Amino acid sequence: MMLLSAYVAALRRDLLLVMRRKTEVLTALFFFVIVTTLLPLGIGPEPDLLRKIAPGAMWIAALLATLLGLQRLFAADHADGTLEQMALSPEPLSILVAGKITAHWLVCGLPLVLLAPVIGLQFDLPTDAIGVLMLSLLIGTPLLSLLGAIGAALTLGARGSALLVSLLVLPLYVPTLIFGAGAVESHIAGLGAAGHLYLLSALLVLAAAFAPWATTAALRISLE
Amino acid sequence: MINWFKFSAPSTFYPLAGKLIPIFWTLAALFAAVGLYIGFFVAPTDAQQGEGYRIIFIHVPASWMSMFIYCVMAFWALMGLTFQTRLSGMMSSALAPTGALFAFLSLWTGALWGKPMWGTWWVWDARLTSELILFFLYLGYMALHAAIDDPRRADRAGAVLSLVGVVNVPIIYFSVTWWNTLHQGASVSLTKSPSMASTMLWGMLLMALAFWAYTIAVALMRARSIMLEREGNTEWVKHLPDVKEAV
């Protein structure tokens, strides 16, 4: 119970901070919308082509939008010393970190899932494919937040950390991208999305078990 | 039994590395000479691929080494995080540029081989793609290491990153393989190549040994430079014969 209340407290605090400064959330969201809007402008408006690139395009936009929020995950708390207090607290740091990661997903990942149908319609995706896309994003975006947190913790206090995070984290996003976009593509091809979604879920379980732990280790190194 | 921890201190490792470096340079030169001789003069011309296939004597050992070095880096990372030895981080960061070099070499030679054989510089084959991502992982490690000013912190952050990377490399490989079979992208498969003449295999193995010895020699040289750089103001460095002469 103690652990759960610590987790909820960290989650609540981060959500509260976000609600006090709403523009930050909206920035990532608008980034997602703008990137997905620019793609057809660059590639051309043929519905066949758009339908084909839609899963990949939306997933890549989601990766980039998640990256935007990663910077904020620990930087402010590191700057004002809150992170040190968290490390000193009697609750395990990994639980607090898990709360912060969950908050990051609720702020940066979940809105993308909810927005996906609108963008999917722009790309002329069939309705059932939009359902699969939402499901794949729902499983995949927490994975992005978990892996990204490791990168954010490692680059804390490093020079040029904003760019560095993307260099570290994007190669690790490859499996998520493949299975996430692949689920929608194979559904459209009539092969069924279940295999991809199962693998995505397996990766999520794996990351949920290990990523908070690795993030904590990285944070302790940054706090030395 | 040898007390390994004795050599985990830079002051004892530095002279040991100095003795080992010429040995491994000699080994590298010998293996490379014999391996290249076999590769260019002894190994028969391939029936399908002609003379162009001879690039595999560089290409295959280079890709082996690029993957192996990442594992060695992760091993040193684990040692460094567990035993808090200074040497481990130095070895990790000394190995990274060589690993990146081999990854790049394997991609480059692969492209040179692919143009005449497949008619294209690049296909989205699973092996090519995962090798490219491995190259990115090396670059990420080096960028992170360079971005943190305190060397001890840089070592430990790099250690965590390389451990996360080593867990991810197989996942990335399998996901890319699966992605590739779904897309049916590459029409040519490396695995379907005809079985190799044993001289070719020997040439490749000798070149792999040559690269191995080269990696050890270069990594030790780099580690020695890192030691001097980081521990320049300690007593043992001031008492080194080379340093005394220079002063």
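Reader: How many helices and strands does chain A have?
Author: Chain A has 9 helices and 0 strands, where helices (H or I, at least four residues) and strands (E, at least two) are DSSP runs numbered from the N terminus. This is a predicted model, in which local features need pLDDT of at least 70, side-chain atom pairs count only at pLDDT 80 or more, and totals for chains, interfaces and linings use all residues. Residues are numbered from 1 along each chain as its sequence is written, chains are lettered from A and ligands numbered from 1 in the order written, and side-chain values use heavy atoms, without hydrogens and water.

Reader: At what angle do H5 and H9 of chain A pack?
Author: Helix H5 (residues 93–122) and helix H9 (residues 194–223) of chain A pack at about 110°, with axes 9 Å apart; axes are lines fitted to C-alpha atoms, for helices over the stretch in contact, and angles run from 0 to 180 degrees between N-to-C directions. H5(A) and H9(A) are therefore roughly perpendicular (65 to 115 degrees).

Reader: Which residues make that contact of H5(A) and H9(A)?
Author: Leu93(A), Ser94(A), Val97(A) and Ile101(A) of H5(A) meet Pro212(A), Thr215(A), Thr216(A), Leu219(A) and Arg220(A) of H9(A), contact meaning heavy atoms within 4.5 Å.

Reader: On to burial: what share of chain A is buried?
Author: Of its 224 residues, 52% count as buried, that is, under 20% relative accessible area with a 1.4 Å probe, protein chains only.

Reader: And what box do the C-alpha atoms fill?
Author: The C-alpha atoms of chain A fill roughly 55 × 30 × 30 Å along the principal axes.

Key: Angles under 35 degrees count as roughly parallel, over 145 as roughly antiparallel, 65 to 115 as roughly perpendicular and the rest as oblique. Buried means under 20% relative accessible area, exposed over 50%, partly exposed in between (1.4 Å probe, protein chains only).
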